[in-house]
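Colleague: I am new to this model and would like a close look at a single part. Please take me through it step by step.

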Amino acid sequence: MQTKDIPNHIPQKRRKILGPIARYLLKKQKWNIIGEIPNINKMVLIGAPHTANRDAWFGLLAILSLDIKVKFLGAKWIFSRLPSPIHLSKNLDRQGIPWPFGWLQKYLLLRLGGIPVFREVNKGLIDSVSEVLEGLSSFILCVAPEGGLEHVETLRSGYYYISKKLDIPNVPIEIDYKNRCFKIHNQRKVLDSFEKDSLEVKKIFDGVVGYNRIFKAQL
């Protein structure tokens, strides 16, 4: 999928410098984007498997290369701190290592479409995020349904309830390290219950090879 193929209803942001750089880096690292983003103005992209921090790097390159405009949810700490293999604080919102340029990191991530998620106080998260998105005429929200890097038996329900509350489709995207590609699936409406829907989503991603593990539906 190339920039010229982006349909007119999809939120776009032409990047004269970062776009060409991202396309060069993806090509240099032999990554491809397979499939088509649906021509609609509101959607939730659900990407899996999410197994390593480098997923964010390749995902960012894909977004920049396509000149699309996205929103994404991220733990509050990633907006101003550096990743750390050791948890320095028990507070989930204060993970990572503070550094002098945290303010610049926050500025850039907000400009890229980041929405900070407070994990210590997550009451009303779906409602608050939905309220922000509802006021937008168009948006693409990127979500990792696994919620983190480790294998989980149950997917996080955020993608489901946001899609259902706003009556918008979601679009599954495989993060496939075996074939070095992002594979875009067809848009889908959520089913009548999260339990049923999450089973169908797991089937879509079953067997996809991530950087550190293979996604297993375990139906």
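How many disulfides does the count come to? And what surrounds the cysteines?

Modeller: This is a predicted model. The count comes to zero disulfides. A pair of cysteine sulfur atoms must lie within 2.5 Å to qualify. Take Cys142: the nearest cysteine sulfur belongs to Cys181 and is 16 Å away. So Cys142 is in no disulfide. Cys181 is in none either, and its nearest cysteine sulfur is that of Cys142. Cys181 is also buried, because its relative accessible area is 4%, and under 20% counts as buried.

Now place these residues in the fold. Strand S9 covers residues 181–184, and strand S7 covers 139–143. Both strands belong to an open sheet of seven strands. The order is S1-S9-S8-S2-S7-S3-S6, with mixed pairing. Neighbouring strands are turned by 25 degrees against each other on average, direction ignored.

Look at the edges next. Strand S1 (32–34) stands at one and strand S6 (114–117) at the other. Each has a single partner strand, so one side of each is left without a neighbour in the sheet. S1 and S9 run parallel, and three bridges join them. Across this pairing, Ile33 stands opposite Phe182 in S9.

Finally, turn to helix H5, residues 158–166. H5 lies across strand S2 (42–48), S7 and strand S8 (170–176). H5 runs at about 165 degrees to S2.

Definitions and conventions
Residues are numbered from 1 along each chain as its sequence is written. This is a predicted model: local features need pLDDT of at least 70, side-chain atom pairs count only at pLDDT 80 or more; totals for chains, interfaces and linings use all residues. Side-chain values use heavy atoms; hydrogens and water are left out. Buried means under 20% relative accessible area, exposed over 50%, partly exposed in between (1.4 Å probe, protein chains only). Two strands pair if DSSP finds at least two bridges between them. Helices (H or I, at least four residues) and strands (E, at least two) are DSSP runs, numbered from the N terminus. Axes are lines fitted to C-alpha atoms, for helices over the stretch in contact, and angles run from 0 to 180 degrees between N-to-C directions. Contact means heavy atoms within 4.5 Å.
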